[in-house]
Amino acid sequence: MHTFCPRHEHLSRRTLLKGTVATAAGGSLMNWGSLFNSQAIADEVKKGQKRCILLWMNGGASQFETFDMKIGRPTGGLFREISTNVPGSRVCELMPKIAQNMDKLAVIRSMHTSQIDHPSGIHLMHTGYSTAANIRFPEIGAVVAKYLGREGSDLPNFIKIFSHGNTGGGFLGPKYQPFSLSPDGRLPTFSTSNLKPELESRRNELRNFVEDLYARDRKVETARMHREAYEAARRLQKVHAVFKIDEEWDKYRELYGDTAFGRRCLMARRLVERGVPFVEVGQSSYDSHADNFVWHRGLVPPMEHAWVGLITDLEQRGLLQDTLIVWMGEIGRTPRVNNRSGRDHYVRSWSTALAGCGVKGGLVYGESDEDGVDVKNNPVTEGDFFATIYQALGIDPETEHFTGVRPIPIAPFGSSVVKGVLL
Amino acid sequence: MAEVNGVRQSRRLRLAVKRVIHSRIEIMEINKPIQHWRLLFEGEWPTSVAFLGNGRRIAAGNRAGQIYFWDLPETPPEVDKDAKDETAPDFAPARRLDGHTNGISHLLSTTDGKMLISSSLDHTVRLWDVSAAPNGNAEVVFDAKDRKRKARGKSKEEKEEILSTPGTSVETVKASHILEGHRDWVGSLGISRDGKRLISGDVGSLVIAWDLESRKKVSRWSGHPWNWAVATALSPDGQTALVSEYRYKRDDFDIPAAALKLWNVADGTEKLDILKVHLPKLDAKSSSYGTAQVWRKFIKGGLIAADFSPDGKLIAVGQGGETDTGKVHLFDVESGKLVRTVSGHRYGVCDVKFSADGQYVLSSGRDTMVRICQVSDGKEVAALGKQRGGQFKDWLHALAISPDEKTVAAADIAGIVHVWQLQS
């Protein structure tokens, strides 16, 4: 009798070791125990069932072509303003649907941040912190997953569709790493087992057996985390249907707009509806050093269509009041139009927007000067912005984590909640 | 004795025939082109240029929606042929055409030079009677940057004198007619050789064919709703329209969809899908990476400039956008097949025109050059201007050829209208 399993039924020893070593490395560098000091806070927060969808404008959308137009000024550009449903408030003509839903947005026109390039800006606007050599800061999604996520849920607590962040769970550990979908919202290939259920079950038993042997004489939590990751992957098999949106897409195509970004936003709604606390939805190509106007003419209309579709859909389902929608990129764009018809990177004065959960609608906060060169009043730093987001989600921005003995608040020290934009 | 169209002709007869043809069609002759004028048009980018009737009356429009025209002297001043082109003289404009409220995308004129036609991002097409009585005067400064440059390092008094020099007084004129029907930026414009038909396209892919005499719409049609009508041209008889569509990025993984089609002007029906002839196996709706790459290779940043050859047998389309090398494709109108690809601008083509004799195709580009190539073999016979060095140094946004085929003008986004005489 043939007593050995065929090769494909085995967990590869190399794969197992690779995963184990990587996980162990993460665990040994960080003070995991201290993280659980904040567990009580996390449990309290989860009762509120708040969620967050981050609409990430990768490359940096231009404030001049969206929310902070400078009509008649040399920096103004080619587009014109349109009125909104909030008296006195005007936006770019590229956003007619947003204009009709301005009463649901709080726009911050006075962002003043510190990192002007993409990698550092992406890090900054995903974590609230500049990069540091000895600390790997967690992304906002990881923090939200920790405080608002549900243990043992079938769906991951931090999902990215068209991922752009670069630090993931950071010092919070692999448990809070994002689960990334492809740009068209499909599950990654590794998430689906190609084994028959009975073989999959035998493989799982074997893995548990090997892990038990490994864990018996060791105190590190590597084996537990490894097993948790596998369990999460196995649970995900039960909810594959959530990721199949074709049928629902036919119904919602018009609401979200027939675009890849529209599909991603519909997917985000499906996920938060099923309890995922943080979903990031990316739209790329805003880095318009050349042809800024035609690029924004191409990118902004489908983006605003999907954005309004998302707001409307959430509102109709009674979810908007508990779902914070954050619209931002990593940088803004220069007031000066260069000789490639482009706008370059700029962080002295730019715009972001919030909607939904805990946010005052119909509000424009802060102001830039007449050419959009500097913030004129109410500057908002990256720390302030993150503190405000956490506050809106019911997470105390001063909550501290520890790496070693060093306390690290989830929003940087000295940050202030922009109370003016919150209810 | 040579044989032409099956008829044996003597040399004398052939010359006589050539003279008759020449009397109707100006021949472009190129012999050591020289820049005669360098007209300052500072402020916002000059985006468009057109000759009006002869090689001395030039109109140019900019991104702020301003249009000026210049009446250049009959005899240009002496130019030092060995000097750099920056030494070509400047000359003040005579008139300002007021009315557009957003950037000018194109300027065209009728062959008699009496009417100027402008398209704009303000959603309108305007017709201008260039000899109409002015409705006012205005003082304008075209050389603010130049003045600042000249004032640099001077004493305070000298600086003030330079900077406060009075501007130029120009007559102001209003449009004689406004063609309305577009609801978005009008980004493309074309006119038939007989000056009777006009075509305009907008960024919502709507195309309108107009009868210029009655100012009425002849037909209208739309392309793919996401695409822009980025270039339009009319056949010499005004019966066929060429429309190039392009979709600027909607996302990284959306295909930059494009179309290049011939349409019947009379009823707005499709005549020939040229891209399908050239790329028959490609499905525009496919989102595969490979498909996107083939599209991108052929279309680059959109086929953003187009023209019909004077005999209506060829069309020229230029690859635009910020690409490595922007080329001009020549297609056969009847079959839709690619005849050849000519020219080559670093970083993309901005404008394309055939010479009136159909011998040459001229293109301006993001490399700050006008390139003149023979249609017959694609050989580049002249290059006007000079590359400014390094990457991304301004563009020659548009070009125009004078009706006598002796002069070429180009709108330079650095704030200049260059005028070259093709024979020195």
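**Close-ups of a predicted two-chain model**

**View 1. Where chain A meets chain B.** In this predicted model, the contact draws 18 residues from chain A and 19 residues from chain B. Sort the chain A residues that touch chain B by class and you get 9 nonpolar, 6 polar and 3 charged.

**View 2. Two helices of chain B, side by side.** Here we zoom in on helix α2 (residues 144-151) and helix α3 (residues 156-163), both in chain B. They pack at an angle of about 165°, and their axes sit 9 Å apart. Since angles over 145 degrees count that way, α2(B) is therefore roughly antiparallel to α3(B). The crossing of α2(B) past α3(B) is right-handed.

**View 3. The residues between α2(B) and α3(B).** On the α2(B) side, look for Arg147(B), Lys150(B) and Ala151(B). They meet Lys159(B), Ile162(B) and Leu163(B), which belong to α3(B). Class by class, this contact of α2(B) with α3(B) has 3 nonpolar and 3 charged residues, with no polar ones.

**View 4. Domain 1 against domain 2 in chain B.** Chain B splits into domain 1, covering 1-29, and domain 2, covering 31-421. Where the two touch, 5 residues of domain 1 are in contact with 10 residues of domain 2. The domain 1 side of this chain B contact comprises 3 nonpolar and 2 charged residues, and no polar ones.

Notes. Residues numbered from 1 in each chain as written. Chains lettered and ligands numbered in written order. Predicted model: local features only at pLDDT ≥ 70, side-chain atom pairs only at ≥ 80, totals over all residues. Axes fitted to C-alpha atoms, helices over the stretch in contact; angles between N-to-C directions. Helix = DSSP H or I, 4+ residues; strand = E, 2+ residues; numbered from the N terminus. Parallel < 35°, antiparallel > 145°, perpendicular 65-115°, else oblique. Left-handed = near helix turned anticlockwise from the far one by under 90°. Contact = placed C-beta atoms within 7 Å. Nonpolar A, V, L, I, M, F, W, Y, C, P; charged D, E, K, R; others polar. Domains from an automatic or database assignment.
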